[in-house]
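Good morning, colleagues. I would ask you to look at the structure on the screen while I describe one part of it.

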Amino acid sequence: MQPRNMSMSGVVDLAAVKAAQEAKAKAEQARAEAARQGGTGAVSPADLVIDVDEAGFERDVLQRSAEVPVVIDFWAEWCQPCKQLSPVLERLAVEYNGRFLLAKIDVDANQMLMQQFGVQGIPAVFAVVAGQALPLFQGAAGEQQIRQTLDQLVQVAEERFGLTGLTVDPDAEPAGAGTGAGTAQAPAPAGPYDALLEAAVQALDAGDFGGAIRAYQNVLSDDPGNSEAKLGLAQAELLQRVQGVDPQQVRKEAAEKPGDVQAQIAAADLDLVGGHVEDAFGRLIETVRRTAGDDRDAVRRRLLELFEVVGADDPRVVGARRALARALF
């Protein structure tokens with residue numbers, strides 16, 4: 001669905017929204033085709049981790065990415081960090097209960113795939129969603145960071161592309177499994193929210209950002225996965241934050257205090273509202289590099305909020321996510 005809120009059309013890439021709609025339609029067609037061919041399509045937990053080579057890449061990764069996000073683990077037998085990372089990814093693939101598929105690629109046996117993805121070192125982890133490649137991180141990351149990345153991936157895959165994941169055979173599910181944070185849940189039924197969404201747009205047009213925020217929040221309280229309301233809420237909150245601020249003073253403080261986290265965050269908000277997307281992302285990524293602890297987490301959270309404003313499938317967001325991963329890991 002195309003966003004109703006056009007107040008930030010200079011920031012939101014509508015072409016990216018259209019591409020997401022097309023990918024979502026392809027995902028629905030793939031599911032329908034699978035249903036016509038018979039069977040439930042349910043897989044066992046063991047099927048959630050697969051070995052992939054160049055011959056089977058199109059079938060096992062590209063085609064499967066139309067129904068489930070495919071996480072690719074580039075590894076090698078001689079790589080010690082790989083031996084730490086791979087078991088974590090395999091365990092999480094089962095724990096997330098079909099929300100993503102893990103494809104393991106041995107780089108020694110599949111040099112062409114390594115080159116096509118531009119892998120410079122291993123372990124390296126990518127994702128393919130509806131045929132689109134997305135770099136996730138490089139190196140042996142901590143489990144908490146991996147979970148955060150996977151959570152973002154499955155959220156984007158569902159909201160932008162309609163990929164709800166694979167159905168796992170409950171009879172084959174290990175005892176006690178499927179109760180963690182990655183457990184698949186049935187999506188909440190969509191409701192008739194046209195009136196609320198229209199009210200939010202009218203509030204935005206009138207400069208009533210608080211009213212718009214409340215309207216979007218009312219939609220999300222009943223339908224947490226409503227992508228239009230999520231996008232609108234992120235935009236309304238950004239506009240409310242910059243309302244009434246003195247741009248010159250904000251930029252002066254940011255220039256004079258490069259170590260002041262709040263000053264950099266405020267300047268990034270202004271950058272984004274002004275359409276300077278790369279400047280906003282670059283400012284916050286550089287601040288992530290210079291900070292640690294709670295300060296770093298605050299910057300990271302604001303950056304993720306700005307990703308939501310621009311759209312997860314926007315090329316600028318894809319590049320910034322890659323830079324963020326390098327800064328964090």
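In strand β5, the bridge partner of Ala 124 is Gln 138. The strands here are DSSP runs (E, at least two residues), numbered from the N terminus. This is a predicted model, in which local features need pLDDT of at least 70 and side-chain atom pairs count only at pLDDT 80 or more, while totals for chains, interfaces and linings use all residues. Residues are numbered from 1 along each chain as its sequence is written, and side-chain values use heavy atoms, with hydrogens and water left out.

Ala 124 belongs to β4, which spans residues 124-129. β4 pairs with β5, residues 132-138, in the antiparallel sense over 6 bridges; two strands pair if DSSP finds at least two bridges between them. The hairpin of β4 and β5 has 2 residues between the strands, and Ala 130 takes a positive phi near 50° there.

β4 also pairs with strand β2, residues 70-75, again antiparallel, over 5 bridges. Val 71 has Ala 127 of β4 as its bridge partner.

Is β4 buried or exposed? Because 6 of its 6 residues are buried, β4 is largely enclosed by the rest of the structure. Buried means under 20% relative accessible area, exposed over 50%, and partly exposed in between, with a 1.4 Å probe and protein chains only. Ala 124, Phe 126 and Val 128 point one way, Val 125, Ala 127 and Val 129 the other.

Finally, confidence. The mean pLDDT, the predictor's confidence in each residue from 0 to 100, is 79 for the protein chain, and 79% of its residues reach 70 or more.

Definitions and conventions. Helix = DSSP H or I, 4+ residues; strand = E, 2+ residues; numbered from the N terminus.
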